[in-house]
Amino acid sequence: MSAFPPCPKCNSEYVYEDGLSLICPECAHEWAKDTSSNSDDNENSVKDANGNNLVDGDTVSVIKDLKVKGSSSVVKVGSKVKNIRLVEGDHNIDCKIDGIGAMKLKSEFVKKA
């Protein structure tokens, strides 16, 4: 539809240009035009649900109740996870959660604390 990338906040395709910025009309998110073209050099970076870059040792919080596979346990919304480790793969965060133990999480279900 347009030559602009989708909105990094809500993934809307209805992005338009206003001067040096790109604007999403659905969530009102604005970002610089030149930063969207530099995403190729950071293709291996891991981003949280809000688009913030994550690094080893960060503290994140869970944004959605997550069922633990093979168990009746649930990781509740707002659970803080300290000292994460980034790994390759679909579940790109290795961590230990109090009361549950070692887990792998997807970065799309956490936000940087």
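The largest nonpolar core of this structure comprises 15 residues, and V81, C95 and L105 have the most contacts inside it. The model is a predicted one. Strands β6 (60-62), β11 (93-97) and β12 (101-105) each contribute at least two residues to this core, with β11 giving the most, namely three residues. The points below cover the cores, the strands around β11, and the cysteines.

**Nonpolar cores**

- V81, one of the residues with the most contacts inside the largest core, touches D58, T59, V60, V62, C95, K96, I97 and L105 when neighbours within four places in sequence are left aside.
- Another core, of five residues, lies apart from the largest one, and its members include C7, L22, C24 and W31.

**Strand β11 and its partners**

- Strand β11 is mostly covered, since four of its five residues are buried.
- On one side of the pairing scheme, strand β10 (residues 85-86) is joined to β11 by two bridges, and the two strands run antiparallel.
- Within this pair, L86 has I93 of β11 as its bridge partner.
- The two strands β10 and β11 form a hairpin with six residues between them, and G89 in the turn has a positive phi of about 120°.
- Strand β11 also pairs with β12, in the antiparallel sense, over five bridges.
- In this second pairing, I97 stands opposite G101 of β12.
- Strands β11 and β12 form a hairpin as well, with three residues between them, and G99 in the turn has a positive phi of about 85°.

**Cysteines**

- The structure contains zero disulfides.
- C10 takes part in no disulfide; the nearest cysteine sulfur belongs to C24 and is 3.6 Å away, whereas a disulfide requires the two sulfur atoms to be within 2.5 Å.
- C10 counts as partly exposed because its relative accessibility is 33%, a value in between the limits of under 20% for buried and over 50% for exposed.
- C27 is also in no disulfide, and the nearest cysteine sulfur, that of C7, is 3.6 Å away.
- C27 has a relative accessible area of 26% and is therefore partly exposed.

Key: Residues numbered from 1 in each chain as written. Predicted model: local features only at pLDDT ≥ 70, side-chain atom pairs only at ≥ 80, totals over all residues. Heavy atoms only, no water. Core = buried A, V, L, I, M, F, W, Y, C linked by side-chain atoms within 4.5 Å. Buried < 20%, exposed > 50% of the residue type's maximum accessible area, 1.4 Å probe, protein only. Contact = heavy atoms within 4.5 Å. Pairing = 2+ DSSP bridges.
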